[in-house]
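Work through the exercises below with the sequence and the model side by side. Each task is followed by a solution in steps.

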Amino acid sequence: MPNQMLNPDITYKVTMRVGVSSRRIEQDHHLTYRSPDGRAHSVDDVLLALRRACAQAMGVHVSETYVVNCRFSPA
């Protein structure tokens with residue numbers, strides 16, 4: 001799925017499990033995503049943006065995080 005583009009007309013429910021390497025913890029995050037500018041974006045770009053949001057919520061820098069799994073489904 002990394003080379004796919006997300007449809008800008010769909011709001012996605014995103015379930016992702018993010019880990020923090022320095023703390024050896026993993027947390028589930030439930031987010032929604034819709035293209036902010038009406039253009040299609042790659043799954044890789046969206047994952048990075050969502051990972052940044054999760055890192056901020058966990059109080060760590062994005063470089064300390066890793067994605068265990070992620071699922072996109074139409075909302």
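Two residues are in contact when heavy atoms of theirs lie within 4.5 Å. The model is predicted, so local features need pLDDT of at least 70 and side-chain atom pairs count only at pLDDT 80 or more, while totals for chains, interfaces and linings use all residues. Residues are numbered from 1 along each chain as its sequence is written, and side-chain values use heavy atoms, with hydrogens and water left out.

**Exercise 1. The surroundings of T65**

Task: Find which residues T65 is in contact with, leaving aside neighbours within four places in sequence.

Solution. Step 1: locate T65, which is found in strand 5. Strands (E, at least two residues) and helices (H or I, at least four) are DSSP runs, numbered from the N terminus.
Step 1: list the contacts of T65, which are V18, G19, V20, R51, A55 and V60.
Step 2: look at the polar contacts, meaning pairs of N or O atoms within 3.5 Å; within protein, one atom must be able to donate a hydrogen and the other to accept it, and residues adjacent in sequence count only if both atoms are side-chain atoms. The side chains of T65 and R51 are joined by such a contact of 2.8 Å. The T65 side chain also reaches the backbone oxygen of V62, at 2.7 Å.
Step 3: classify the accessibility. Buried means under 20% relative accessible area, exposed over 50%, and partly exposed in between (1.4 Å probe, protein chains only). T65 has a relative accessible area of 6% and is therefore buried.

**Exercise 2. The order of the elements and the sheet**

Task: State in what order the elements of the protein run from the N terminus on, and in what order the strands of the open sheet lie.

Solution. Step 1: count the elements, which are 1 helix and 5 strands. From the N terminus on they run β-β-β-β-α-β.
Step 1: find the sheet. Two strands pair if DSSP finds at least two bridges between them. An open sheet is formed by 3 strands in the order 3-2-5, with antiparallel pairing. Strand 3 (25-33) and strand 5 are the edge strands, each pairing on one side only. Neighbouring strands of this sheet are turned by 15° against each other on average, direction ignored.
Step 2: check the two pairings. Strand 2 is joined to strand 5 by 9 bridges, and 9 bridges join strand 2 to strand 3.
Step 3: Helix 1 (residues 43-58) lies across strand 2, strand 3 and strand 5, and runs at about 120° to strand 5. Here axes are lines fitted to C-alpha atoms, for helices over the stretch in contact, and angles run from 0 to 180 degrees between N-to-C directions.

**Exercise 3. The turn of the hairpin**

Task: Which residue in the turn between strand 2 and strand 3 has a positive phi?

Solution. Step 1: strand 2 and strand 3 form a hairpin with 4 residues between them.
Step 1: the residue is R24, which has a positive phi of about 55° although it is not a glycine.
Step 2: compare with the general rule. Most residues other than glycine have a negative phi.
Step 3: R24 has 77% relative accessibility, so it counts as exposed.

**Exercise 4. The aromatic pair**

Task: Identify the aromatic pair in the structure and say how its rings are arranged.

Solution. Step 1: apply the criterion. Rings of Phe, Tyr and Trp (its six-membered ring) pair if their centres lie within 6.5 Å; planes under 30 degrees apart count as stacked, over 60 as edge-to-face and the rest as tilted.
Step 1: a search of the whole structure finds 1 such pair. Y12 and F72 form it, at 6.0 Å centre to centre with 90° between the planes, which is edge-to-face.
Step 2: the pair links distant parts of the chain, with Y12 in strand 2 (residues 12-20) and F72 in strand 5 (residues 65-74), 60 residues apart.
Step 3: both Y12 and F72 are buried.

**Exercise 5. A residue beside the pair in sequence**

Task: Is K13 buried, partly exposed or exposed?

Solution. Step 1: K13 is found in strand 2.
Step 1: its relative accessibility is 45%, so K13 counts as partly exposed.
Step 2: not counting residues up to four places away in sequence, K13 touches L31, R71, F72, S73, P74 and A75.
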